[in-house]
Each structure stands twice: as structure tokens, then as C-alpha cells.
Amino acid sequence: MSKLKSTLGIVAIAFITLTVMSCKDNSKEQNSTDGDHSQMNHDNSDGHHDGEKKEMAMSGDSNAQAVLNDYFNLKNALVGDDNGKAKELGATLATSLGNFDASQYTDTQQSELKDIVEDAVEHAEHISESDIAHQREHFKVLSKDVIDMVAITGAEMKLYEQFCPMYDGGTAWLSTKEEVRNPYYGSQMLKCGKVQREIN
Amino acid sequence: MKIVKIIAIILLVAFVGIQFIPTTRNQSDTVPSTDFMLVNNVPETIQKKLQVSCYDCHSNNTQYPWYNKIQPVAWFLEDHIKEGKAELNFNEWDSLSSRRKASKLRSIIKQIENGEMPLDSYTLIHSEATFTEAKAEELINFITQLKDSL
């Protein structure tokens with residue numbers, strides 16, 4: 001009888017140990033939910049196919065314009081040091097990037113755009129799940145992607161490419177306004193930077 | 001005392017039961033020609049470090065620990081490997097465009113710098129996977145060079 005008890009005890013301890021070990025893994029997982037995210041994005045892009053069609057019917061590069069609008073919203077959230085809003089808008093941007101349709105461009109442009117979009121989606125997804133320092137790191141590369149995209153697609157409105165020499169060895173971003181509002185530092189150094197190029 | 005016994009039996013049955021749920025194993029005999037080590041001129045010490053610290057979750061071939069077939073451990077391993085490979089698969093390195101490579105290299109640098117990778121849950125068991133300050137610096141220097149040469 002006591003033998004049975006001790007056997008059961010050992011099994012129970014083994015089980016608890018394994019459970020505790022797996023719990024540890026589980027808690028770490030919350031720090032790096034990257035995989036979950038790519039799945040989430042698949043769902044999103046599926047749900048947005050109707051919207052895409054409507055946009056396409058309206059005008060040629062409203063696709064690119066939708067991406068730009070979401071990019072500027074995200075930029076403004078970072079200017080305002082708003083981590084939560086930037087998360088939401090990162091997800092929104094990932095969706096509009098997923099809906100981007102490049103079929104009107106030449107083959108070379110298409111493959112370039114596909115590459116840009118693929119990269120940008122990943123950064124937008126990371127922004128949707130990170131703290132603000134990480135969001136800004138990803139926004140740097142995202143900005144490069146969007147600048148390269150605009151070089152191909154053009155934009156409907158006047159844009160300003162701005163540059164902050166202090167952030168990570170010098171970093172650019174796009175804005176619709178001439179006055180500098182720095183998305184990499186926010187209130188800490190709101191006006192750091194200059195206009196380095198005007199587009200349109 | 002009786003209730004303890006019942007709980008123990010339930011746990012035992014559950015524990016045995018979940019052992020029958022299958023998992024996918026991440027193992028491959030071949031290293032594709034797109035592998036990071038094959039296309040880049042990686043110094044031997046860094047190769048070893050990458051193999052030990054990164055390749056278990058970021059390649060098509062995992063060196064599984066002895067307990068890998070015991071549930072629920074197997075599930076967590078499977079999950080981590082799936083996530084890891086989706087984010088970065090060193091075996092498929094050269095199929096990425098320069099833009100994507102630059103992005104990935106950038107992330108590698110940041111994650112090593114911030115001590116986010118390898119995961120604590122990994123180094124807990126694979127203590128040899130941890131990066132000393134010198135090792136981290138060595139790797140970051142190499143990756144930075146590689147990034148600048150793209």
C-alpha cells in the first residue's frame with residue numbers, strides 16, 4: 001500500500017516538474033510571440049480582400065496611398081510617445097501592406113515592390129507587439145522601405161523626407177508636414193532633425 | 001488521503017494519455033546550398049557558436065535533448081522551433097533578398113545586444129548556448145561587417 005503511495009508520489013512529482021518546466025517556456029513565449037503574429041496577419045489579409053477590390057476600382061495607386069496614410073498615422077503615434085496606439089496602427093499598416101497590389105507596375109518594379117512589402121510587413125508586425133523602443137527600431141527600417149516604395153509608386157500629396165542625425169547613426173522618415181516632429185525621440189527631442197528632401 | 005490518491009491517478013492517466021499525441025520533428029540530413037555558413041565566409045569559432053546557440057530553432061535540423069519525446073515538453077519544443085524558423089531560418093539564408101538579409105542581420109545584432117536571444121528557456125538547459133560579452137561582441141562585429149557588405 002505504502003509502495004503504491006510512493007510510486008504515485010514519484011509520478012506526481014515528475015509530472016509537476018515537467019509542468020513547471022513547460023510553464024517557464026510558456027512565459028518566455030509571451031516575450032517573443034513572433035510566430036503567432038505571422039499567423040494573425042494571414043487572417044487579417046484574408047478578411048480584407050473586399051476592401052482591396054474597392055480601393056483598386058477607385059484609382060490606380062490608391063493602394064500605395066493607403067499604405068502611406070497608415071504609415072503617417074503610425075508615425076504620429078510614435079511622435080506622441082503612444083506605445084498602445086502605435087501597436088494598433090502597426091497592425092493596421094501590416095494589413096494595408098498585405099493588401100498592396102502591384103499588378104499595374106512593370107515586372108522589375110513588381111519584384112522590387114514585393115520585396116519591399118514583404119520586409120515592411122514584418123516590421124509593421126513587430127511594431128504591433130513591441131515596447132516603444134523596439135517600435136522605433138523597426139520604424140527606422142520600415143521608413144526606408146516606405147521611402148523606397150514611394151520612389152516607385154509616387155504619392156498623391158507633397159512629402160518631406162526628414163532626417164535625424166542622432167538616432168542610430170542617422171535615420172530618415174517621411175512626413176506630410178514641413179516642420180519636424182521626430183518619431184524616434186518623441187517629446188524627448190521633438191524637433192530634432194531637418195528636411196533633407198522634398199517629394200512632389 | 002483517498003482524495004490525494006484519486007488526484008494522483010488522474011494526473012498519471014492524463015500524463016500517459018498525452019504521450020500518444022504526435023508531434024512533428026525538425027530533422028534533416030542535408031544542408032541546403034542556401035545555408036548561411038555555406039554562402040558567407042564565417043570564421044570557425046563563429047560557426048560553432050551559431051550552431052550551438054542558434055541552429056536548434058533557426059534551421060531545419062534540431063539537436064534534440066533526451067527528454068524531447070516526453071509530453072508536454074515536445075509540444076513546447078515544436079512550437080518554439082516553428083516560431084524560430086518562421087522568423088529566421090539560417091538554412092534558407094541565401095533565398096532572401098538583400099533588403100531582407102539586411103533586416104534580419106539588423107535584428108540579430110539587436111537581439112544579441114539586448115540579450116533577447118537565445119531565449120532564457122533555452123539557455124536554462126543549454127548553458128553552453130549563452131553568449132559571454134566577448135562572444136557577443138565577436139558575433140556582432142562579424143554580423144555588422146556582413147550587413148555593411150550587402
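Author: In this predicted model, helix α4(A) passes helix α7(A) in a left-handed crossing. The contact of α4(A) with α7(A) involves seven nonpolar residues, two polar ones and one charged one.

Reader: What makes α4(A) and α7(A) roughly antiparallel to each other?

Author: The axes of α4 (residues 62-79) and α7 (residues 132-153) of chain A cross at roughly 150°. Angles over 145 degrees count as roughly antiparallel. The pair α4(A) and α7(A) is therefore given that label. The two axes come within 11 Å.

Reader: Which residues of α4(A) and α7(A) meet?

Author: From α4(A) come A:Ala64, A:Val67, A:Tyr71 and A:Leu78. Their partners in α7(A) are A:Gln135, A:Arg136, A:Phe139, A:Val146, A:Met149 and A:Thr153.

Reader: How do you know that α5(A) and α6(A) are roughly antiparallel to each other?

Author: The test is the same cut-off of 145 degrees. Helix α5 (residues 83-98) and helix α6 (residues 107-127) of chain A have axes that cross at roughly 160°. The conclusion is therefore roughly antiparallel for α5(A) and α6(A). Their axes come within 7 Å, and the crossing is left-handed.

Reader: Which residues of α5(A) and α6(A) make the contact?

Author: On the α5(A) side the contact is made by A:Ala86, A:Lys87, A:Gly90, A:Leu93, A:Ala94, A:Leu97 and A:Gly98. On the α6(A) side it is made by A:Val117, A:Ala120, A:Val121, A:Ala124, A:Glu125 and A:Ile127. By class, nine of these residues are nonpolar, two polar and two charged. Gly counts as polar under the rule used.

Reader: Why is A:Asp81 called partly exposed?

Author: A:Asp81 has 15 C-beta neighbours inside 10 Å. A residue is buried at 20 or more and exposed at 12 or fewer. The count for A:Asp81 lies in between, so the residue is partly exposed. A:Asp81 belongs to the loop between α4 and α5 of chain A.

Reader: What about the backbone of A:Asp81 is worth a remark?

Author: Its phi is positive, about 55°, although A:Asp81 is not a glycine. Most residues other than glycine have a negative phi.

Reader: Is A:Asp168 buried or exposed, and how do you know?

Author: A:Asp168 has 11 C-beta neighbours inside 10 Å. The limit for exposed is 12 or fewer, so A:Asp168 counts as exposed. A:Asp168 is in the loop between β1 (159-164) and β2 (171-175) of chain A. Phi of A:Asp168 is also positive, near 45°.

Reader: What makes the peptide bond from B:Met117 to B:Pro118 cis?

Author: Omega of that bond is near -10°. Most peptide bonds are trans. B:Pro118 sits in the loop between α6 (98-113) and α7 (120-123) of chain B.

Reader: What confidence does the predictor attach to chain B and to the complex?

Author: Chain B averages a pLDDT of 88, and 100% of the residues score at least 70. For the complex, the predictor gives an ipTM of 0.74 and a pTM of 0.72.

Reader: How is chain A built along its sequence?

Author: Chain A has seven helices and three strands, in the pattern α-α-α-α-α-α-α-β-β-β. Of its 200 residues, 34% count as buried. Among contacts in chain A with a separation of 6 or more, 63% join residues 24 or more positions apart.

Methods. Residues numbered from 1 in each chain as written. Chains lettered and ligands numbered in written order. Predicted model: local features only at pLDDT ≥ 70, side-chain atom pairs only at ≥ 80, totals over all residues. Axes fitted to C-alpha atoms, helices over the stretch in contact; angles between N-to-C directions. Helix = DSSP H or I, 4+ residues; strand = E, 2+ residues; numbered from the N terminus. Parallel < 35°, antiparallel > 145°, perpendicular 65-115°, else oblique. Left-handed = near helix turned anticlockwise from the far one by under 90°. Contact = placed C-beta atoms within 7 Å. pLDDT = per-residue confidence, 0-100.
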